[in-house]
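Subject: Structure handover

Hello,

Here is the structure for your files. My notes on what was found follow below it.

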Amino acid sequence: RLGPEDIRAGCLDAFDAVIFPGGSGSGQAEAIGVPGREKVRAFVDEGGGYIGVCAGSYLALDNYTWGLRLVPMDSHDRKHWRRGNASLKIELTEEGMETFLESEPMREIAFRQGPLMQPSDEPDNNAAVDVLAWFRTGVGRNGADPATMVDTPAIVRVDFGEGRVLLFSPHPELTDDMEDWLRRAFDWAVETEP
């Protein structure tokens with residue numbers, strides 16, 4: 001585990017990839033501060049891998065003042081970010097099935113209020129985004145409409161400079177039989193054959 005001081009001190013240079021987990025995207029951004037955010041962006045730009053899960057995905061998006069702006073995607077329906085926790089259906093694309101070594105496209109996955117992603121209006125990164133999975137069901141608590149989630153990207157990947165970024169809105173590590181998806185995300189992020 002790395003702390004904010006480690007990131008600000010430049011320790012990412014010793015690693016191939018970094019994983020920002022669930023929690024609070026704004027909290028992670030505040031903890032590492034502007035110097036830490038600049039270090040993470042430089043790390044990815046120079047060839048490092050970035051894997052974001054839930055809050056770590058929020059952190060990588062374009063439309064937050066505290067965001068890393070690694071991915072040309074915005075958080076959609078920000079007013080209802082507290083839409084609840086559920087087990088949701090996702091549908092893997094062909095690229096998703098290949099990345100995660102899955103033979104069937106439909107899966108259920110744990111969701112804990114991750115971002116609803118949509119293409120950015122003013123992207124900082126103009127690279128093409130590959131959608132690896134789409135939400136096919138949704139959850140809607142605290143005034144959120146569950147239908148808003150349906151057919152939005154659940155998992156995406158994109159190049160950033162010389163590096164690679166893969167974001168999970170849901171939580172594979174909290175889902176039975178999907179724990180290895182983080183390892184496969186890492187393999188892709190560092191261009192390693194699974």
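**Notes on the structure**

Ala-154 has a relative accessibility of 0%, so Ala-154 counts as buried (buried means under 20% relative accessible area, exposed over 50%, partly exposed in between, with a 1.4 Å probe and protein chains only). This is a predicted model, in which local features need pLDDT of at least 70 and side-chain atom pairs count only at pLDDT 80 or more, while totals for chains, interfaces and linings use all residues. Residues are numbered from 1 along each chain as its sequence is written, and side-chain values use heavy atoms, with hydrogens and water left out.

Ala-154 is part of strand 8, residues 153-160 (helices, H or I with at least four residues, and strands, E with at least two, are DSSP runs numbered from the N terminus). Leaving aside residues up to four places away in sequence, Ala-154 touches Ile-90, Met-117, Ala-133, Trp-134, Phe-135, Leu-167, Phe-168, Ser-169 and Pro-170 (contact means heavy atoms within 4.5 Å). From Phe-43, Ala-154 is 111 residues away in sequence and 25 Å away in space, C-alpha to C-alpha.

Ile-90, one of those contacts, sits on the covered face of strand 4 (residues 85-92) together with Ala-86, Leu-88 and Leu-92. The uncovered face holds Asn-85, Ser-87, Lys-89 and Glu-91. Strand 4 pairs with strand 5 (residues 106-112) in the antiparallel sense over seven bridges (two strands pair if DSSP finds at least two bridges between them). In that pairing, Asn-85 stands opposite Arg-112. Strand 4 also pairs with strand 7 (residues 130-135), again antiparallel, over three bridges. There, Glu-91 stands opposite Trp-134, and Trp-134 is also among the contacts of Ala-154.

On aromatics, a search of the whole structure finds six pairs (rings of Phe, Tyr and Trp, the last by its six-membered ring, pair if their centres lie within 6.5 Å; planes under 30 degrees apart count as stacked, over 60 as edge-to-face and the rest as tilted). The rings of Phe-20 and Tyr-50 are stacked, because their centres are 5.3 Å apart and their planes at 20 degrees. Phe-20 lies in strand 1 (residues 17-20) and Tyr-50 in strand 2 (residues 49-53), so the pair ties together parts 30 residues apart in sequence. Phe-20 and Tyr-50 are both buried.

Phe-100 and Trp-181 are also stacked, because their ring centres are 4.3 Å apart and their planes at 10 degrees. Phe-100 belongs to helix 4 (residues 94-100) and Trp-181 to helix 5 (residues 181-189), so this pair ties together parts 81 residues apart in sequence. Phe-100 is buried at 0% relative accessible area, and Trp-181 is buried at 0% too. Tyr-58, Tyr-64 and Trp-66 form one aromatic cluster.

Regards
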